[in-house]
Amino acid sequence: MNKAPQAVRPHVVILGRCNVGKSTLINALCEQNVALVSAQPGTTTDPVSKSMELLPYGPVVLVDTAGLDDDTPLGKERVKLTERALRKADLALLVVEVHAQHPLGQELLARLTKRGVPSLVVINCHGEINGAAREDSGYPTIEVNALTGQGVRELREHIAAALKSGYEELPLVRDILTGKGPVVLVTPIDKAAPKGRLILPQVQVLRDILDGGGVAIVCRETELATVLTQLSTPPELVITDSQVFPQVACILPPNSALTSFSLLMARYKGDLQALVRGAEAIVDLRPLDPVLIVEGCTHHSQEDDIGRVKVPRLLEGRTGGKLRFTWASGPNFTATISDYKLIVHCGACMINRREMMARLEQAQAAGVPIVNYGVLLAHFAGILERSLAPLLRK
Ligand SMILES: Nc1nc2c(ncn2[C@@H]2O[C@H](COP(=O)(O)OP(=O)(O)OP(=O)(O)O)[C@@H](O)[C@H]2O)c(=O)[nH]1
Ligand code: SF4
Ligand SMILES: [Mg+2]
């Protein structure tokens, strides 16, 4: 994995009316043809994402979207896709013509401001640009000529400044480490493990420990007992895959600090306390209650698949009767979530923090408790309190 994954890059979403030059602008920012440009309004239909190094900032994801005033039969659906892309936005660029605004553009910026997402207005001039940055309708406003590239370098600098002040790169684990001992990472190599590599949360946690100057030891649960006997200093923290929580908890002395990759991801991606409240609501489930299981990406279901098999088995075991499960994967979270008694979310490693926070807020607004795999598995293993403790010690 040579590039920063999309989920840890800030997302810059470009929006505006049809034909205003959004795709020309993304191409100018990337200095390559990533989006189709034409004089035909409605050329861009689905959002187009491009990971790139946007200097002077660094790795970002740029997202081009369909025109907000697309009045084709599919126009409304396209605007919905744009709104979905905006849930991920860490910065929005509203592209406008010199004297023309679109009310929906302003309305979307106002909604983003309410969520704490900064925005820039980009005036795409079809001639010479004035160059001076200013503020129109409350937003920093920059002129460019996307076709000639005039003003695009300055726009990159404004984007970098907005991200540097508005985008917080959160630590995954290093903020709770003191360096008093190594950190042991327990990663089962079972049928579900991808061939020849570690999964994203494991790689991210490992990197975050190294970034913080810490020492990490990686082993399977089957070697953990041996590793512990070989260490001259006990581990400061053991981080395990949630699926082997019970085995790891039995091997470790009761007073040693234990948590899981998914709890660390849950804290990094969203509101851990909200997910813990979700676990507490499991006791209210009754037979035949509807439960939504959401996974951030699609993958082939395994023999003892966590979302398809393990979580349903645990919940039905606790409820004492059949539950009505619905599974959603990919970006399909916007369905009618109020119909459900509980939402169980995956570890969200492929989803950025903004999107995960939007999902948690949406669930809260609908009054539906939401828990994730890691919190749910720790709850069923009876070690939720223990595995939360290291995360609360700061
Ligand atoms: N002269 C000039 N033409 C431009 C400029 N920016 C875009 N255009 C032209 O305007 C037309 C539309 O540009 P696009 O970049 O496809 O516009 P868009 O906003 O992505 O349009 P949709 O995808 O339909 O929403 C193309 O013919 C571009 O060449 C500019 O700065 N100057
Ligand atoms: S289903 Fe969720 S946790 Fe699993 S890989 Fe996809 S986004 Fe990550
Ligand atoms: Mg376009």
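Which residues come nearest to ligand 1? Of the 21 residues around this ligand, the nearest are G21, S23, T24, T44 and G67. Keep in mind as you look around that this is a predicted model.

**Around ligand 1**

Helix α1, which covers residues 22-30, supplies the largest share of the shell around ligand 1, with 3 residues. Sorted by class, that shell holds 12 polar residues, 8 nonpolar ones and 1 charged one.

N19 sits in the loop between β1 (11-16) and α1. Its phi is positive, at about 65°, even though N19 is not a glycine.

Another backbone detail turns up at P56. The peptide bond that joins L55 and P56 is cis, with an omega of about 10°. As for where to find P56, look in the loop between β2 (48-54) and β3 (58-64).

**Around ligand 2**

Now for the other ligand. Ligand 2 has E295, G296 and C297 around it, along with C346, G347, A348, C349, M350 and I351. By class, its shell comes out as 6 nonpolar, 2 polar and 1 charged residues.

**Two domains**

The protein chain splits into domain 1, residues 6-166, and domain 2, residues 173-394.

**How some helices pack**

| Helix pair | Angle | Axes |
|---|---|---|
| α9 (272-280) and α12 (373-380) | about 45° | 9 Å apart |
| α5 (200-211) and α8 (261-269) | roughly 75° | within 10 Å |
| α8 and α12 | about 135° | 8 Å apart |

Let's start with α9 and α12, whose axes are 9 Å apart at an angle of about 45°. That angle makes α9 oblique to α12. The crossing of α9 past α12 is right-handed. On the α9 side, the contact uses L275, V276, G278 and A279, while α12 brings V375, L376 and H379. In class terms, this contact of α9 with α12 has 5 nonpolar and 2 polar residues, and no charged ones.

Next up is α8 against α12, with an angle of about 135° and axes 8 Å apart. Here, too, the angle makes α8 oblique to α12. Is the crossing of α8 past α12 left-handed or right-handed? It is left-handed. S262, L263 and A266 of α8 make the contact with Y373, G374, V375 and A378 of α12. The contact of α8 with α12 counts 5 nonpolar residues, 2 polar ones and no charged ones.

The last pair is α5 and α8, whose axes come within 10 Å and cross at roughly 75°. Why do α5 and α8 count as roughly perpendicular to each other? Angles of 65 to 115 degrees are put in that class, and α5 and α8 are therefore roughly perpendicular. Which residues of α5 and α8 meet? From α5 they are P201, Q202 and V205, and from α8 they are F261, L264 and M265. That contact of α5 with α8 divides into 5 nonpolar residues and 1 polar one, with no charged residues.

Methods: Residues numbered from 1 in each chain as written. Chains lettered and ligands numbered in written order. Predicted model: local features only at pLDDT ≥ 70, side-chain atom pairs only at ≥ 80, totals over all residues. Near = placed C-beta within 6 Å. Helix = DSSP H or I, 4+ residues; strand = E, 2+ residues; numbered from the N terminus. Nonpolar A, V, L, I, M, F, W, Y, C, P; charged D, E, K, R; others polar. Domains from an automatic or database assignment. Axes fitted to C-alpha atoms, helices over the stretch in contact; angles between N-to-C directions. Parallel < 35°, antiparallel > 145°, perpendicular 65-115°, else oblique. Left-handed = near helix turned anticlockwise from the far one by under 90°. Contact = placed C-beta atoms within 7 Å.
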